[in-house]
Amino acid sequence: MTDTILVADHGNWAELTLNRPERLNAFTEDMHLSLRAALEAARDDGKRALLLTGAGRGFCAGQDLGDRDPSQGDGPPDLGHTVRSFYAPLVRLIRSLECPVVCAVNGVAAGAGANLPLACDVVLAGQSARFIQSFAKIGLIPDTGGSWHLPRLLGEARAKGLALTGDPITAQQAADWGLIWKCLPDETLMDEARRMTAGFADGPTLGLGQTKLAIQAAATDTLTDHLELEADMMKRCGESADYAEGVSAFLQKRSPVFRGS
Ligand code: T3D
């Protein structure tokens with residue numbers, strides 16, 4: 001394992017940084033394995049919120065194309081295998097985490113690097129960031145959940161426009177279209193992202209985690225099934241110490257102290 005992923009431990013939350021700035025944090029196999037290990041460690045350590053960002057001037061330029069040079073190796077790569085082994089499990093892992101994952105898109109986000117943020121729960125982007133569905137330029141399709149998230153977030157017209165042209169959109173346009181939560185000045189992006197992540201970690205994180213899972217389940221549930229899921233989740237949350245604390249604090253006109261259970 002190398003330092004392709006930096007982990008800053010902030011107690012009840014952690015900041016994970018993609019760290020190959022000279023390649024705009026493009027993914028190698030080593031970086032995939034390190035990110036997976038860092039996410040699993042954070043989960044197993046009971047972190048109550050996570051922040052994902054990139055080192056240097058970019059967020060992530062997707063797959064490292066240096067590892068896909070057609071002049072090297074024998075014949076075409078099996079991209080079905082690499083997607084199943086690395087990109088798809090990454091999306092599933094992030095979405096399965098029972099805590100909020102904030103993504104701070106600090107610069108250009110291309111290919112899988114543009115779609116990775118969409119698997120996170122709250123996406124903030126600096127005003128200089130751009131989102132690019134680069135797949136169109138190299139004969140691929142939007143992976144890392146892109147062809148699933150884009151139409152759901154944007155509708156088919158904008159999803160197809162972005163995916164078929166590969167044209168960049170600015171962070172402000174991404175926010176205006178509902179692709180991300182907020183566009184922020186570059187200078188304040190990381191402070192705001194850390195403040196938000198720390199706030200989640202100090203919050204009623206059982207309820208926040210269930211909220212995330214409920215909203216995700218809505219994409220495929222029927223209304224009848226989903227109302228039942230809400231009832232189950234409300235039962236679980238209603239039995240939590242954090243719910244009792246939240247209600248007590250409200251009635252006593254004081255700030256709640258949540259512990260995430
Ligand atoms: O397993 C599989 O392969 C299947 C999964 C695929 C998922 C994918 O993500 S496919 C899509 C791969 N990504 C791309 O096609 C994006 C390629 N990059 C770009 O189009 C541009 O670099 C950007 C638009 C992202 C940024 O442009 P710009 O002008 O700001 O920067 P730059 O000069 O192009 O890049 C800076 C350096 O990073 C440069 O290296 P150099 O010349 O300074 O030595 C460039 O080659 C390198 N770099 C950028 N992206 C990649 C990369 N190196 C390797 N792989 C990259 N994806």
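The structure is a predicted model, in which local features need pLDDT of at least 70 and side-chain atom pairs count only at pLDDT 80 or more, while totals for chains, interfaces and linings use all residues. Residues are numbered from 1 along each chain as its sequence is written, and side-chain values use heavy atoms, with hydrogens and water left out.

We can start with the ligand. It is surrounded by 24 residues, the closest being Gln 63, Leu 65, Arg 68, Thr 82 and Ala 112. By class, this shell holds 12 nonpolar, 5 polar and 7 charged residues (Ala, Val, Leu, Ile, Met, Phe, Trp, Tyr, Cys and Pro count as nonpolar, Asp, Glu, Lys and Arg as charged, and the others, Gly among them, as polar). At least two shell residues each come from α2 (79–96), β8 (130–132) and α4 (135–138), and α2 gives the most, with 3 residues. Helices (H or I, at least four residues) and strands (E, at least two) are DSSP runs, numbered from the N terminus.

A ligand nitrogen lies 2.8 Å from a polar backbone atom of Gln 63, and a ligand nitrogen is 2.9 Å from one of Leu 65. On the oxygen side, a ligand atom is 2.9 Å from a polar backbone atom of Ala 112. Of the 1,000 Å² that the ligand exposes when taken alone, the protein buries 68% (Shrake-Rupley method, 1.4 Å probe).

Ala 112 also belongs to helix α3. This helix, residues 112–119, is mostly covered, with 8 of its 8 residues buried (under 20% relative accessible area, 1.4 Å probe, protein chains only).

Turning to the strands, an open sheet of mixed pairing has the order β4-β6-β8-β9, where two strands pair if DSSP finds at least two bridges between them. Its edges are β4 (58–60) and β9 (169–170), each pairing on one side only. Strand β4 runs parallel to β6 (residues 108–110), and 2 bridges join them; Cys 60 has Ala 109 of β6 as its bridge partner.

Strand β5 (residues 101–105) contains Val 101, which is buried at a relative accessible area of 2%. Leaving aside residues up to four places away in sequence, Val 101 touches Leu 50, Ile 94, Cys 120, Asp 121, Val 122 and Lys 212, contact meaning heavy atoms within 4.5 Å.

Conventions. Near = heavy atom within 4 Å. Polar contact = N/O pair within 3.5 Å; in protein donor to acceptor, adjacent residues only side chain to side chain. Buried < 20%, exposed > 50% of the residue type's maximum accessible area, 1.4 Å probe, protein only.
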